[in-house]
Amino acid sequence: MIQGTLVGRLCNDPEAKEDKNGKTYAKFTLACQKDKEHADFIYCQAYGQTANVVLDFCKKGNQLVVVGRLTLNTFPDKDGYERTALNCNVSNVCLVGSKGENTSEGDSKPKRRKAASSTTQQAESEFNYDA
């Protein structure tokens with residue numbers, strides 16, 4: 001098992017999906033910048049309380065730190081060429097920034113629900129910033 005920590009921005013608002021067992025999960029794509037002109041796109045999914053945090057607090061453009069199990073999947077594209085995608089089964093997430101937080105936009109931060117605030121504080125406290 002390969003465990004990884006990724007820092008990137010959400011490409012779109014997270015989507016709530018349901019797996020074949022009826023469990024709801026959050027599906028989202030994280031753009032991790034390599035340099036000023038290039039980025040890697042990692043397909044992520046989170047389950048349980050982590051999914052609730054992502055769905056409740058995160059939106060397109062937010063910067064996240066995610067920790068999870070990384071896997072490589074290969075698949076044929078529409079032209080028949082073999083492609084490789086990096087996927088992350090997220091176990092921990094931390095919202096570290098909003099795209100518009102340095103501007104005067106008042107609604108750039110997502111609306112927070114009271115019920116999930118303790119989960120977010122727990123996720124932030126578990127992340128080791130000194131590592």
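Here is a quick briefing on the structure above. It's a predicted model, in which local features need pLDDT of at least 70 and side-chain atom pairs count only at pLDDT 80 or more, while totals for chains, interfaces and linings use all residues. Residues are numbered from 1 along each chain as its sequence is written, and side-chain values use heavy atoms, with hydrogens and water left out.

**Overall layout**

- The chain has two helices and six strands; helices (H or I, at least four residues) and strands (E, at least two) are DSSP runs, numbered from the N terminus.
- Read from the N terminus, the order is β-β-β-β-α-β-β-α.
- The chain has 131 residues, and 35% of them count as buried, meaning under 20% relative accessible area with a 1.4 Å probe and protein chains only.
- Take the contacts (heavy atoms within 4.5 Å) between residues at least 6 apart in sequence: 61% of them join residues at least 24 apart.

**Cysteines**

- You'll find zero disulfides here; to count as one, a pair of cysteine sulfur atoms must be within 2.5 Å.
- For Cys 58, the closest cysteine sulfur is in Cys 94, 9.4 Å away, which is too far for a bond.
- Cys 58 is buried, at 8% relative accessible area, and Cys 94 is buried too, at 3%.

**The largest pocket**

- The largest pocket holds about 150 Å³ of space; a volume is the space filled by probe spheres set on grid points, which are joined across faces, edges and corners.
- A pocket, on a 1 Å grid over the protein atoms alone, is an open set of points where a 1.4 Å probe fits, with protein on both sides within 12 Å along at least five of seven lines; lining residues have an atom within 4 Å of a point.
- Its lining includes Lys 27, Tyr 43, Arg 69 and Asn 87.
- Strands β4 (39-47), β5 (63-76) and β6 (82-97) are the elements that give two or more residues to this lining.

**A look at Leu 10**

- Leu 10 sits in strand β1 (residues 2-10) and counts as buried, at 4% relative accessibility.
- Leu 10 and Gly 61 are 51 residues apart along the chain, yet their C-alpha atoms are separated by 5.1 Å.
- Beyond neighbours within four places in sequence, Leu 10 has contacts that include Phe 28, Leu 30, Cys 58 and Leu 64.

Note on methods: Buried means under 20% relative accessible area, exposed over 50%, partly exposed in between (1.4 Å probe, protein chains only).
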